[in-house]
Amino acid sequence: MKYTFEIICMLLIVGLFVLTQVIGNQFYFFIGFVILQYMVMATAWNILGGYGGYVNFGSAGFLATGAYTAVALINFLDVGLVEQMVAGGVIAGLLGLATGYLTLRLRGVYFAIATLALAIILETIVAHWDYVGGAAGTSILPKRKPELFGELIVDRKAGIFENYKEYLFFLMGTVAIISVWVARYIENSKLGRGLNAIKDSEEAAECMGVPTLRLKLIATTISGAMMGVAGAPLASYLTFIDPLSAFNLEYAINAIAMPMIGGTISWAGPVIGALLLGTAQQVSSLWIQSELNLLIVGVVLVVFVIIAPEGIIGWFRKSRQGSGR
Amino acid sequence: MAIFIDLLLNALVIGILLGGFYAALSIGLSITFGLLDVVNIAHPTMLVLGAFIAFLLNSTWGIDPILAGIISTPFFFILGWLIYQVYYNVFEKSGAESLRGLAFFFGLLFIIEVGLIIQFGVDHRLVEAPYIGESWNIVVGEEIDVAIPFRLLVAFVVAAIATLSIHFYLTKTFFGRAVRAVAQDMMALRLMGVDPIRVKRIAFALGVATAGIGGALMIIVLPIEPSVGRLYLGNVFAIVVLGGLGSMSGTLLAAVIIGIAESIVATFFGPSWAPAVSFGILLAVLAFRPEGLFGKTAGAH
């Protein structure tokens, strides 16, 4: 059937909604949000890094752009979460477009370093921007009794969701599923094939008539926008935000490690990586200190890069080919 | 007016001293990244590791930090040797270095940094030595005097010695010329009967070895904590790229430029803007003049 994948996506969104209604323990939504957020980050990173071969070290900068767009909007207009996410996506998408123009001059390593530089410059600027809390950070109180299209969303008695954790989880889950759908769509489209050609050899792609700049701009914009959307609810989730937590290198390393571990060639790679690594981190953070946790991510990344260059997906494909012979 | 000149003069002097210090931090990367094309983004974090080793030796046995840096240098040489061995066998040999090699060094950066946090915590650490804390006042004119902190002066002198000796090693000795030949044409070197991989391995180890002495200078100049390496990342990459990849004299000059720019911004706008200076310069150089001020073409490859 042509639309099998789309139907599965719809069912998954419905499934997420059912989960928020059935499960009473808020802890699952609390950690589920983080895993889903990582899934969006990893998927977004992979569109540019996995398909196009342009490594983004500044993922945290895009995420924080989304988060701080949301904070500025809350201070300015007191809007709801969905509007914050749309705005975060737009602003981070514009930032992505700007980094796309950098690729005109910068290839490979230089692009990667430039994205890192961009993230640190943004962090310095935000740390001096008192309207959003500056270096000390600011507390965010979620809006009471938010409404969307006239429906009361979060309320203990009459709302669709009992509390904010469920609402945030559902929103992030929906975003994650949409991002995966977008990534899969790109992979099978002309854009994805063009990006793959760029990854193999930009000169050759150019010679074959691939509109390299346009494809790169589209990829950086989509990737940036996704990260911005993922970052926008961060302030509401943490109820506090400061540059240190928003620009945390943890996001940058996970956004790279997850696709690398899962496999960068396909949309399923970041999903597998985020589910495995994200769940492992969240669960193990219950009884080991968070630094040790990150150490494990680093070690796993290095080990996978060395022994399994195509990630878990590549591994499966190889073993399937091996047994088929 | 006198105050302005006083501030400016002080900023210039501090900037030049800072520049010498930055040169010592960047020279290793100038070898590994500039000459060998191995993007060791973990270099600043290795410097921090060197700084913590100096801290450990200083606080446990009261060893002078510079001596501690000299002691740890062979250790970093071996570390660099091992890292290149893995890097060559896994990435360079198969030609898959770009994306995976970057991820490899990014992972290393992360492992070292988190390892340091686990071992030492996130507090700022400093070393004790007789020259730390003192400064030297020179009266230039009416209401104008220049204060030179000894810690910066010591760092500058040691950095200058280290940088110049590496410069002469690379330009005057047979092995140094072999390293630069590797950067230009590996095949020609092979035809001359030299094993380019051996040359690269030793050169890479040498680049990493500078993290021993460079790290010691780092903790002499400023108290450090494990994640400070990321801030220096902007400095060292800006310097290496601005200096024109692999040019040692270019590296020194670029380091002084960055040092002065940073010190002037810190004086007139506040020190918290300093990180944005080097990263801003780095971004601008990458975007508008990737070949650096004085050097071979970069960026397009």
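Biologist: At what angle do helix α1 (residues 2–35) and helix α8 (residues 196–221) of chain B pack?
Modeller: This is a predicted model, in which local features need pLDDT of at least 70, side-chain atom pairs count only at pLDDT 80 or more, and totals for chains, interfaces and linings use all residues. Residues are numbered from 1 along each chain as its sequence is written, while chains are lettered from A and ligands numbered from 1 in the order in which they are written. The axes of α1(B) and α8(B) (lines fitted to C-alpha atoms, for helices over the stretch in contact) are 8 Å apart. The angle between them (on a scale from 0 to 180 degrees between N-to-C directions) is about 160°.

Biologist: Are α1(B) and α8(B) roughly parallel or roughly antiparallel?
Modeller: Angles under 35 degrees count as roughly parallel, over 145 as roughly antiparallel, 65 to 115 as roughly perpendicular and the rest as oblique. This pair packs at about 160°. The two helices are therefore roughly antiparallel.

Biologist: How many nonpolar residues does the contact of α1(B) with α8(B) have?
Modeller: A contact needs C-beta atoms, placed from the backbone, within 7 Å. Phe21(B), Leu25(B) and Leu35(B) are among the α1(B) residues that take part, and Phe204(B), Leu217(B) and Val221(B) are among those of α8(B). By class (Ala, Val, Leu, Ile, Met, Phe, Trp, Tyr, Cys and Pro are nonpolar, Asp, Glu, Lys and Arg charged, the others, Gly among them, polar), five are polar and none charged. The number of nonpolar residues is 15.

Biologist: Which helix of chain B gives the most to the side that touches chain A?
Modeller: Across the two chains, 37 residues of chain B are in contact with 36 of chain A. Three helices of chain B each supply at least two residues: α4 (97–120), α9 (229–242) and α11 (274–288). With 15 residues, the one that gives the most is α4(B).

Biologist: How many charged residues are on the side of chain B that touches chain A?
Modeller: That side holds 27 nonpolar residues. Another eight are polar. The charged residues number two.

Biologist: How many strands are there in chain A?
Modeller: The C-alpha trace of chain A spans about 60 × 45 × 40 Å along its principal axes. Of its contacts with a separation of 6 or more, 76% join residues 24 or more positions apart. Chain A has 15 helices, and its strands number four.

Biologist: How are α3(A) and α9(A) set to each other, oblique or roughly parallel?
Modeller: Helix α3 (residues 59–77) and helix α9 (residues 212–231) of chain A have axes that come within 7 Å. They cross at roughly 55°. The pair is therefore oblique.

Biologist: How many polar residues are in the contact of α3(A) with α9(A)?
Modeller: The α3(A) residues in it include Phe62(A), Leu63(A) and Gly66(A), and the α9(A) residues include Gly224(A), Met227(A) and Gly228(A). Seven residues of the contact are nonpolar and none is charged. The polar residues number seven.
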